[in-house]
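Please open the model in the viewer and follow the stops below in order. Each stop names a selection and then describes what is found there.

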Amino acid sequence: MNIDKIVFRILGLVMLLSAILAYYHAPYWLCLTALMGLNMFQASFSGVCPLSVVLKKMGYQPGTIFK
């Protein structure tokens, strides 16, 4: 599995979890959803995601998006 798939799976899971927590617990969890959205927005311009940097240092193979 490459870095691209791992990043999108983890970000999707965190966004889904924060939306569920906002619905059932407190609306402040939507701040986490907004943070993940901002992260994806800046990564679309720079091509760098903090999670992809960590995964690359852990030895995972880069994909086509995050190198």
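Select helices α1 and α2 together: their crossing is left-handed, meaning that the near helix is turned anticlockwise from the far one by less than a right angle, whereas clockwise would be right-handed. Helix α1 covers residues 3-24 and helix α2 residues 30-46; helices here are DSSP runs of H or I with at least four residues, numbered from the N terminus. This is a predicted model, in which local features need pLDDT of at least 70 and side-chain atom pairs count only at pLDDT 80 or more, while totals for chains, interfaces and linings use all residues. Residues are numbered from 1 along each chain as its sequence is written, and side-chain values use heavy atoms, with hydrogens and water left out.

Turn the view to look along the two helices. Their axes come within 7 Å and cross at roughly 155°; axes are lines fitted to C-alpha atoms over the stretch in contact, and angles run from 0 to 180 degrees between N-to-C directions. Helices α1 and α2 are therefore roughly antiparallel to each other, a term for angles over 145 degrees.

Next, display the side chains between them. On α1 the contact (heavy atoms within 4.5 Å) is made by L11, V14, M15, S18, A19 and A22, and on α2 by L30, L32, T33, M36, G37, N39 and M40. These residues divide into nine nonpolar, four polar and no charged. Here Ala, Val, Leu, Ile, Met, Phe, Trp, Tyr, Cys and Pro count as nonpolar, Asp, Glu, Lys and Arg as charged, and the others, Gly among them, as polar.

Now select N39, in helix α2. Is N39 buried or exposed? At 16% relative accessibility, N39 counts as buried (under 20% relative accessible area; exposed is over 50% and partly exposed in between, with a 1.4 Å probe and protein chains only). Leaving aside neighbours within four places in sequence, N39 is in contact with L11, C49 and P50.

The last stop concerns aromatic rings. There are three aromatic pairs, that is, rings of Phe, Tyr and Trp (its six-membered ring) with centres within 6.5 Å; planes under 30 degrees apart are stacked, over 60 edge-to-face and the rest tilted. Select F8 and F66, a tilted pair with 6.4 Å centre to centre and 40° between the planes. F8 lies in helix α1 and F66 in the segment after α3 (50-57), 58 residues apart. F8 is partly exposed at 45%, whereas F66 is buried at 6%.

Finally, select F41 and F45, four residues apart in helix α2. Their ring centres are 5.0 Å apart and their planes at 85°, so the pair is edge-to-face. F45 is exposed, with a relative accessible area of 65%.

Notes
Parallel < 35°, antiparallel > 145°, perpendicular 65-115°, else oblique.
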